[in-house]
Amino acid sequence: MTMKKILVPVIILLLVLGWGNIIGGNASKRKNYNDYMVKAKALDEKEIYIDALDQYKNALEYTDDKLPVEEAILDDYLNLKKYKDFEKQGSMILESYNYPRDITKKVVDYYMDRKQSANALKVVNAYLERQPKDDDFLELQGKLRGIYTEVYFAGASIDEYYNGFYVFTDDEKKGLMKSDGSEKIKATYDEISPYGKEPNYAAVCGDGAWYYVDKNGYKKLVPDFKVDSLGVFGNKLAPYKTAEKYSYIDEYANKATELTYDFAGGFANKRAAVKKDGKWAVIKNDFSQVTDFIYDDVLVDDFGFATSQNVYIAKLDGKYHIFDLDGNMIGSEGFDEAKAFMSDDATAVKVDDKWGFANKNGEIELMTEYKDAKPFANGFAAVYDGKNWGYINKNATVVIDFEFNEAGCFNSSGVASVRKGAWKFIKLVE
């Protein structure tokens with residue numbers, strides 16, 4: 001017999017023996033896995049969770065499909081109220097297995113049950129980065145973002161914010177505060193406006209005299225002529241009023257122009273809205289006109305700005321329209337009523353007695369049945385149901401119930417001023 005004829009049967013025999021060992025090894029491995037899992041589940045049924053954990057951990061060594069076992073371990077940590085271990089195990093599973101849906105929901109529910117909304121939101125956000133079209137989690141994200149904490153406020157009222165500051169009233173005097181409720185300028189003035197931009201001064205009125213103060217509250221600018229009111233600085237110009245006419249001063253409190261108007265708004269993006277003889281126009285900061293006096297109205301915010309968001313809304317031929325900074329109409333939609341944009345989000349508009357929301361392209365994104373609405377800001381909009389104010393998200397889901405007598409827009413830090421009997425701030429979870 002030749003060597004070749006001898007080797008072939010030997011090789012075949014070795015292969016058969018090798019495969020037999022592998023198959024036998026796999027069978028033994030499966031048996032050990034099944035034995036540990038059966039013991040673990042039996043212990044779980046008896047609520048002997050601490051011993052079940054050991055069986056599950058043993059089972060992990062005998063399977064490549066580890067996720068079901070890791071989830072069982074996660075459940076038993078919760079059953080044992082070993083919360084730190086649950087959180088550590090949950091984080092490991094989510095990161096190692098790319099946020100499986102059911103386990104993600106389980107971890108979110110855990111944080112929500114423990115009133116840890118911020119942690120729940122972080123998990124939801126991480127899941128949506130991977131599965132951005134999951135409607136259930138998108139709805140959950142909206143609700144979680146609507147959870148808020150209250151910030152104490154002891155004054156009588158809070159006005160809308162500008163440039164990071166709110167005007168507040170206390171004992172019939174006014175001051176400035178930050179959105180965390182801390183005072184910047186005490187309520188000692190008859191009138192006050194937020195700090196402007198270029199320069200950062202705030203207009204105040206005390207004992208009938210108007211002037212500007214700096215960030216430390218020190219008197220900084222005083223006009224050399226009598227004024228009845230001073231506005232907020234923008235683009236190194238501020239409106240003032242005297243003898244029922246408006247005009248502008250420069251950053252040194254000198255008269256910037258001899259032009260006068262029936263109303264003059266603040267400059268933002270080198271544009272401002274002005275009114276004369278019953279009609280409105282938009283001007284540049286060199287006082288040349290962007291438009292003629294053609295509008296029946298130009299919307300301004302609480303502090304006189306029309307163009308802070310790089311567009312403005314004006315009434316022309318009986319309808320409100322959106323315009324760019326050069327006076328070009330954006331889109332073809334016309335609105336019966338509208339409110340000035342507060343951010344890049346959609347603003348509130350009224351069409352056929354219904355309030356909805358239009359974006360900066362002039363497109364209506366959402367219509368509602370609410371009696372009133374305010375612009376979207378930070379993803380939420382305040383809406384009025386006829387009795388109280390609440391907040392919705394961009395899917396029209398109510399994320400904060402109708403519980404407020406008045407409700408302001410959220411700022412970029414997730415803070416809004418609201419009144420529920422008394423005024424206070426609410427802050428969204430992060």
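This report walks through the cores, strands and charged pairs of a predicted model.

## Before we start

Residues are numbered from 1 along each chain as its sequence is written, and side-chain values use heavy atoms, with hydrogens and water left out. Because the model is predicted, local features need pLDDT of at least 70 and side-chain atom pairs count only at pLDDT 80 or more, while totals for chains, interfaces and linings use all residues.

## The nonpolar cores

Let's begin with the helices. Helices here are DSSP runs of H or I with at least four residues, strands are DSSP runs of E with at least two, and both are numbered from the N terminus. A nonpolar core is a set of buried Ala, Val, Leu, Ile, Met, Phe, Trp, Tyr and Cys residues joined through side-chain atoms within 4.5 Å. Buried means under 20% relative accessible area, exposed means over 50%, and partly exposed lies in between (1.4 Å probe, protein chains only).

The largest nonpolar core has 34 residues, and Y56, V69, I73, V123 and V124 touch the most other members. At least two residues of this core come from each of α1, α2 (49-60), α3, α4 (83-96), α5 (101-113), α6 (117-130) and α7 (135-145). The biggest giver is α6, with seven residues. Take V123: setting aside neighbours within four places in sequence, V123 is in contact (heavy atoms within 4.5 Å) with L94, Y99, T104, V107, V108 and Y111. There is also a second, separate core of 16 residues, and F165, L176, V204 and V232 are among them. In soluble globular proteins, nonpolar side chains tend to be buried together.

## A buried glutamate

E70 sits in helix α3 (residues 67-79). E70 is buried but has no salt bridge, and K66, the nearest side chain of opposite charge, is 6.7 Å away. For charges, Lys and Arg count as positive and Asp and Glu as negative, while His and the chain ends are not counted. A salt bridge needs a side-chain nitrogen of Lys or Arg within 4 Å of a carboxyl oxygen of Asp or Glu.

What E70 does have is a polar contact of 2.8 Å between its side chain and that of Q89. A polar contact is a pair of N or O atoms within 3.5 Å; within protein, one must be able to donate a hydrogen and the other to accept it, and residues adjacent in sequence count only if both atoms are side-chain atoms. Not counting residues up to four places away in sequence, E70 touches L60, Q89, M92, I93 and Y97.

## Salt bridges elsewhere

The structure holds 24 salt bridges. One of them joins the side chains of K31 and D35 at 3.0 Å, N to O. These two are four residues apart in helix α1 (residues 3-45), so about one helical turn separates K31 and D35. K31 is exposed at 51% relative accessible area, whereas D35 is partly exposed at 32%.

Another salt bridge brings together E403 and K420 at 3.1 Å, N to O. This pair links distant parts of the chain, with E403 in strand β27 (residues 398-404) and K420 in strand β29 (residues 415-420), 17 residues apart. Both ends are partly exposed: E403 has 23% relative accessibility and K420 has 42%. E244 and K241 also meet in a salt bridge, at 3.8 Å, N to O, and E244 is exposed at 58%. Finally, E71, D75 and K106 are linked in a network of salt bridges.

## Strands and hairpins

Two strands pair if DSSP finds at least two bridges between them. Strand β8 (residues 209-213) is mostly covered, with four of its five residues buried. On one hand, β8 pairs antiparallel with strand β7 (residues 202-206) over five bridges, and Y212 is the bridge partner of A203. On the other, β8 pairs antiparallel with strand β9 (residues 219-221) over two bridges, where L221 is the bridge partner of Y212. The hairpin of β7 and β8 has two residues between the strands, and D207 takes a positive phi near 55°. In the hairpin of β8 and β9, with five residues between the strands, G217 takes a positive phi near 85°.

There's also an open sheet of four strands, in the order β16-β17-β18-β19 with antiparallel pairing. Its edge strands are β16 (297-298) and β19 (329-335), each pairing on one side only.
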